[in-house]
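Biologist: I am new to this structure and would like to go through it in questions and answers. Please start with the ligand and then turn to the aromatic rings.

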Amino acid sequence: MTILVTGGAGFIGANFVRDWLCEDRGPVVVLDKLTYAGNLGNLAEFLEDPRLVFAQGDICAADLVARLLEEHAPRAVVHFAAESHVDRSIDSAADFIRTNVEGTHCLLSGALNHWRTLSPVAAREFRFVHVSTDEVYGTLEPDDPPFRETNPYRPNSPYSASKAAADHLARAWFQTHGLPVLTTNCSNNYGPYQFPEKLIPLVVRNAIRGQALPIYGDGRNVRDWIYVSDHCAGVRRVLEAGRPGEVYNLGGGQEKTNIEVVHAICAHLDAVSPRPDGKSYAEQISFVKDRPGHDRRYAIDSTKALRELGWRPGESFDAGVRKTVDWYLDHLPWVERIESGDYREWVKRQYEDLHL
Ligand code: NAD
Ligand code: TYD
């Protein structure tokens, strides 16, 4: 009953593995390269747990992938590993092409070879869940309906283009080879263990350090926020009950402008950890140069996941953001520990260019 989870030391992957083990759903093998975004500390309580095997390695390493599949004979691969930060992909796209495109190809090929050795029953039950993003669909106008699975792909950033390429490979491995691949396209996640280069943890971190809260452009870009455990529950439902070859959009159904998000964080911080001078953290907001190619709006229509899988997100944005802010306040040493040289260098380069 083992599953192989790639990227299980990153934000969503670690939440997925933690939830999986807490619910005692079976053994997990995690394959993770531990890039700047990967952190074994995200799985700390489980590192001695016999149900978890951690393999540090690259999804582009065909031999390693083949060995793990042969040794552990997982019933499923759940593929989270990726380079995931849009701003970094604008800075340099090479790692995105390598991991997101070549790495996904390597995993699909390894999984196909493995799948072909399985008994008919095991082959029928095998699953490859490819975890992707709503960003592959491009941007929406204010009055456009939310993205459906049938929307055309129109990626605008190097990140979303690399994920779109991976999605096409996943589709082709089902259509051509029959590998039981399922793809999820999810909206913006937030919650515990998110690396503080992404908007929500970055704002919490900067706020409590008395630093500027950088908002790109006019702050009116809209994202559809989903609490990470809701996303993980959606991936589990796809794994359990999704139809091979199908795509499932998973969204939080909670569209917010970036400025609304930042104000919500500041309001909660004002309540639970007020600034010594009594002013609001919102005073630290600073509008900076916009991200090139910045998608204006994302929104997800999750009707198919609800209809076919009975999945719907449970967390409201207001409660989820309060929980998330509280988690970061309670885990400041976690934030300090992951601020590696790479992260400091990145923040310096990115935000100095934005004149912060
Ligand atoms: P993350 O950047 O926090 O974590 C990525 C993990 O993958 C890290 O542990 C990293 O070490 C690992 N990794 C990177 N390159 C690797 C390689 N070559 N080999 C093995 N491991 C490697 O990302 P995340 O936010 O947890 O996103 C996980 C997945 O979900 C990604 O595929 C992403 O595209 C998708 N997704 C993310 C969001 C979001 O809001 N964060 C939304 C929708 C979909
Ligand atoms: P991000 O968390 O990077 O996710 P994505 O780009 O994948 O949607 O950014 C969320 C939104 O917040 C996006 O519209 C860009 C914006 N943003 C800022 O305004 N300032 C920042 O410092 C960051 C990192 C993001």
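This is a predicted model: local features need pLDDT of at least 70, side-chain atom pairs count only at pLDDT 80 or more; totals for chains, interfaces and linings use all residues.

Biologist: Which part of Leu-199 lies 2.9 Å from an oxygen atom of ligand 2?

Modeller: At Leu-199, what lies 2.9 Å from a ligand oxygen is a backbone N or O atom.

Biologist: How much of the accessible area of ligand 2 does the protein cover?

Modeller: On its own, ligand 2 has 510 Å² of accessible area. The share of this that the protein covers is 97%.

Biologist: Which element gives the most to the shell around ligand 2?

Modeller: The shell counts 18 residues, and Glu-135, Arg-223, Arg-291, His-294 and Tyr-351 are the closest. By class, eight are nonpolar, five polar and five charged. H7 and strand E8 (213–216) each supply at least two residues. With three residues, the element that gives the most is E8.

Biologist: Turning to the rings, how are the planes of Tyr-137 and Phe-147 arranged: stacked, edge-to-face or tilted?

Modeller: The structure holds 15 aromatic pairs, to start with the total. In the pair of Tyr-137 and Phe-147, the ring centres are 5.0 Å apart and the planes stand at 35°. Stacked planes are under 30 degrees apart and edge-to-face planes over 60, so this pair is tilted.

Biologist: Are Tyr-137 and Phe-147 buried or exposed, and which cluster do they belong to?

Modeller: Both Tyr-137 and Phe-147 are buried. Ring pairs link these two into a cluster, whose members are Tyr-137, Phe-147, Tyr-153 and Tyr-298.

Biologist: How many residues apart are Tyr-193 and Trp-334, which form an aromatic pair?

Modeller: Their rings are edge-to-face, with 5.9 Å from centre to centre and 80° between the planes. Tyr-193 is buried, as is Trp-334. Tyr-193 lies in the loop between strand E7 (188–190) and helix H7 (199–208), while Trp-334 is in helix H12 (residues 332–338). The pair links distant parts of the chain, and the separation is 141 residues.

Terms used
Residues are numbered from 1 along each chain as its sequence is written. Chains are lettered from A and ligands numbered from 1 in the order in which they are written. Side-chain values use heavy atoms; hydrogens and water are left out. Rings of Phe, Tyr and Trp (its six-membered ring) pair if their centres lie within 6.5 Å; planes under 30 degrees apart count as stacked, over 60 as edge-to-face and the rest as tilted. Buried means under 20% relative accessible area, exposed over 50%, partly exposed in between (1.4 Å probe, protein chains only). Helices (H or I, at least four residues) and strands (E, at least two) are DSSP runs, numbered from the N terminus. A residue is near a molecule or strand if one of its heavy atoms lies within 4 Å of it. A polar contact is a pair of N or O atoms within 3.5 Å; within protein, one must be able to donate a hydrogen and the other to accept it, and residues adjacent in sequence count only if both atoms are side-chain atoms. Accessible areas come from the Shrake-Rupley method with a 1.4 Å probe; for residues, only the protein chains shown count as cover. Ala, Val, Leu, Ile, Met, Phe, Trp, Tyr, Cys and Pro count as nonpolar, Asp, Glu, Lys and Arg as charged, and the others, Gly among them, as polar.
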